[in-house]
Amino acid sequence: MGKYVIKRLLIAIPTFFGITVLVYIVSSLAPGSPLDLLLQDPFITAAEIERKRIEYGLDQHVIIQYIRWLGELLQGNLGFSYRTHLPVWGMIVERLGPTLVLTFSATIFSVLVAVPLGIMAAYKPYSLWDYASSGLSFIGSATPNFFAGLILIYFFAVRLNILPIGGMYDTSGIRTLPMLVKHLILPAAVLSIQQVGRLIRQTRGSMLEVLSEDYIRTARATGLRENLVLVRHALRNALIPIVTELGLMIPFLIGGAVVTEQIFGWPGLGSLMVLSITQRDYPVIMGITVFVAVAVLIGNIVTDLIYSAIDPRIRNR
Amino acid sequence: MANTLLEVNNLQVQFSTIDSTVTAVDGVSFSVNKGETLGVVGESGCGKSVTSMAILRLLGKTGKITQGEILFEGQDILKKSESDMCQIRGKEIAMIFQDSMTGLNPVMTIGKQLIGTITVHEKMNKKTAEKKAIDMLKKVGIPSPEQRMNEYPHQLSGGMRQRVMIAMALSCNPSLLIADEPTTALDVTIQAQIIELMKDLKKTSEAAIIIITHDLGVVAEMADRIMVMYSGQVVEYADARSIFINPLHPYTRGLLSSIPRLDKDVDVLYAIKGSVPSLQNVPKGCRFCERCQDAMEICKNKPPVLCTVGDCSVRCWKYTK
């Protein structure tokens, strides 16, 4: 087990450097330049732009630029925002909390809804129940977030006026948990719609497969009651692909739901990313990208560790 | 009659798919006495496994018992509720399956699975159940059982896994043990060991055994009586000695001739020509007629009934008067 963890961690090191190279190359290949922002000032002079160019180090070769950036990065310095002149790391940390609140509550809700639905659909395949939950899952995964968001805002915020349109707290300046929950419901529901769709199908599929296995027949033949057969023998085996599906959701969990955060004005990482892209705030764009990529890297290692906790055959490899 | 443990009368099992219904077991009757061993022999697809799954009522969602009765200790199993069935499965009637590779849960330790089986039927604390599980492993000849308890199925060899399956099946002292091809998935040397083990268990426990196999060699060593099945029907049902000494049905003879023999010098191995007819398209007359060496005109048109010849039952026109 210890060996397995160390192996996974060692593989992560070259992956990390690969990520930094990719992020840097893509950022420097992207059209436009950090200096474009300066052009918004009508009185700026060519000499002033040239001075900034040297100050930012943009006159150096791209490899030199990369190495300097990487050196700072390894010391934990993500640079300063061109827009706000604040440290990028601080900006990310400030936005991370709201994002995690939103995405984790959406994911926990999705798991709680989708896994039981998927199990029941697999237990009685081709029943009315199965068709209903499959239908639900197709509609869910086929509905774009912006559309679902607008529909929900229209009904619950505009017509019924029972939930706020957006934001995380209201403008009174008082921050309470009930208020947060009230603001959370709509964006979390929008995010859940797609997740539920994916998870129902995954759970149903893997559960159906497991239920036809011989050891389920063995368990039944020992006189174990059907609900115990499901929980004790089937579920744990069926969890392996479900964990994969959840592992694939990690980038989304950390990076935030860009579109949904934008619609609901949720002050998370996703909306910071959109803002930074439109403002050509390169240090923030690169900072968030590296941060999310590292989070995914760690998330994948955690997923692997969960696998080996569930499945002893992986542990001993 | 008080000695009869299991009596199956005119059992019919059908499987329905979207576009058709097939009869996998068609009018099978037999009985097993206490402590007796019955061998059920036949090719793949003849309905022997389906018969055994019907006894435990574990046919799944597509299979249905459409006719007949299954009396276990005088009570009709088909009339029992599902929760009564859970009391019978594992406790009264236990089963050993063919494939020990896939028959044990891959993510649970051997110990957990054994203890799980024991505590389904017997109320006891974890310590006692664990002790019993270790005892069972010892009984089926597993070396260092304490250590094996914490291992997973993939860490054991095929033979060891099959021993664990047998230990699981015997853990609640069932009065009937159904072994569905218990040696088929194993190496020949391991097969011999498992047969030895089953023979020992037959001596030491009072359980009646139904052993299902396509290998007459396996039942020759163990069975008191033998039932030969073909295409969902019983074609011959007699005590083991007479099956081997004086087989009546041409199919039984074919099966016996198919066993390779070292004491005779033959160039070509005997095989029964053709294959089992599809259950969707059952012949009008005798189901074996197309592959039979002794087929007569009547065999093609009229299905034979089971008739008694001495102590045996046989389904063949040759013996019908």
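Predicted model: local features only at pLDDT ≥ 70, side-chain atom pairs only at ≥ 80, totals over all residues.
Residues are numbered from 1 along each chain as its sequence is written, chains are lettered from A and ligands numbered from 1 in the order written, and side-chain values use heavy atoms, without hydrogens and water.

**Chain A overall**

The C-alpha atoms of chain A fill a box of roughly 85 × 55 × 35 Å along the principal axes. Of its 317 residues, 44% count as buried, that is, under 20% relative accessible area with a 1.4 Å probe, protein chains only. I noted an accessible surface of about 16700 Å² for chain A, 70% of it belonging to carbon and sulfur atoms; the area comes from the Shrake-Rupley method with a 1.4 Å probe.

**Largest pocket**

Next I looked at pockets (on a 1 Å grid over the protein atoms alone, open sets of points where a 1.4 Å probe fits, with protein on both sides within 12 Å along at least five of seven lines; lining residues have an atom within 4 Å of a point). The largest pocket holds about 980 Å³ of space, counted as the space filled by probe spheres set on the points, which are joined across faces, edges and corners. It is lined by 30 residues, and A:Arg220, B:Leu58, B:Leu59, B:Gly60 and B:Lys61 are the closest to its centre. I see at least two lining residues from each of α4 (88-123), α7 (177-211) and α8 (214-221) of chain A, and likewise from β1 (4-16), α1 (48-55) and β4 (63-72) of chain B.

**Second largest pocket**

How much space lies in the second largest pocket? I noted about 760 Å³. Among its 26 lining residues, A:Tyr24, A:Tyr56, A:Leu58, A:Tyr82 and A:Pro283 are the closest to the centre. In chain A, α1 (2-29), α2 (46-56), α3 (62-74) and α13 (282-310) each supply at least two lining residues, and α3(A) gives the largest share, four residues.

Methods
Buried < 20%, exposed > 50% of the residue type's maximum accessible area, 1.4 Å probe, protein only.
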